[in-house]
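I am opening my notebook on a structure new to me.

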Amino acid sequence: MDGLLPRLDELEALGVNVMLVGNGPVDALPAFVREHGLERRAVTVVTDPSLAAFRAAGLRRARFHGVRAAIEELRALGAGYARGPRAGDALQLGGALLIDEDRRLLYYHRGQSPGDLADSNDIVQAALALLVERRLAGRRV
């Protein structure tokens, strides 16, 4: 998610509505929003402790946090990303989806391990492609 935060203004300018879905308890949402500076951003933050949304999106659960996860965690720390306390199911892997108003899946990234994050450049590129498609079709953006 850290890679996505600096790109929120671009996504908003492209008309992309961003929704972040976690799996922690509902009472952890306000702290998450504050911690990531999302109070006045065009971002919807929700949680699904049942993990039904994660299953529906085809997102995996890690079987265990092994050597690969430890290496990715060290890389993230080396790049300046320190993970805060976790709320919810730490074994549930994340992903990123870009879905248009016609429910077409335009971008999909399914995490393969805890450190396998979607590239924010790919998300913005998919949003730009949608913008171009709409303009070529004469649709208002």
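I count a salt bridge when a side-chain nitrogen of Lys or Arg is within 4 Å of a carboxyl oxygen of Asp or Glu. The model is predicted, so local features need pLDDT of at least 70, side-chain atom pairs count only at pLDDT 80 or more, and totals for chains, interfaces and linings use all residues. Residues are numbered from 1 along each chain as its sequence is written, and side-chain values use heavy atoms, with hydrogens and water left out.

Fold. I find five helices and four strands (DSSP runs: helices are H or I with at least four residues, strands E with at least two, numbered from the N terminus). Their order is α-β-α-β-α-α-β-β-α.

Burial. Of the 141 residues, 30% are buried (under 20% relative accessible area; exposed is over 50%, partly exposed in between; 1.4 Å probe, protein chains only).

Salt bridges. I get six. Arginine 61 pairs with aspartate 89, with the closest N and O atoms 2.2 Å apart. Arginine 61 sits in the loop between α3 and α4, and aspartate 89 in the loop between α4 and β3, so the pair ties together parts 28 residues apart in sequence. Arginine 61 is partly exposed at 41%.

Next I looked up glutamate 133. Its side chain meets that of arginine 104 at 2.6 Å, N to O. Glutamate 133 lies in helix α5 and arginine 104 in the loop between β3 and β4, so this bridge joins parts 29 residues apart in sequence. Asp100, Arg104 and Glu133 form a network of salt bridges.

Last, arginine 7 bridges to glutamate 10 at 2.5 Å between the closest N and O atoms. Arginine 7 is buried at 15%, while glutamate 10 is partly exposed at 35%.
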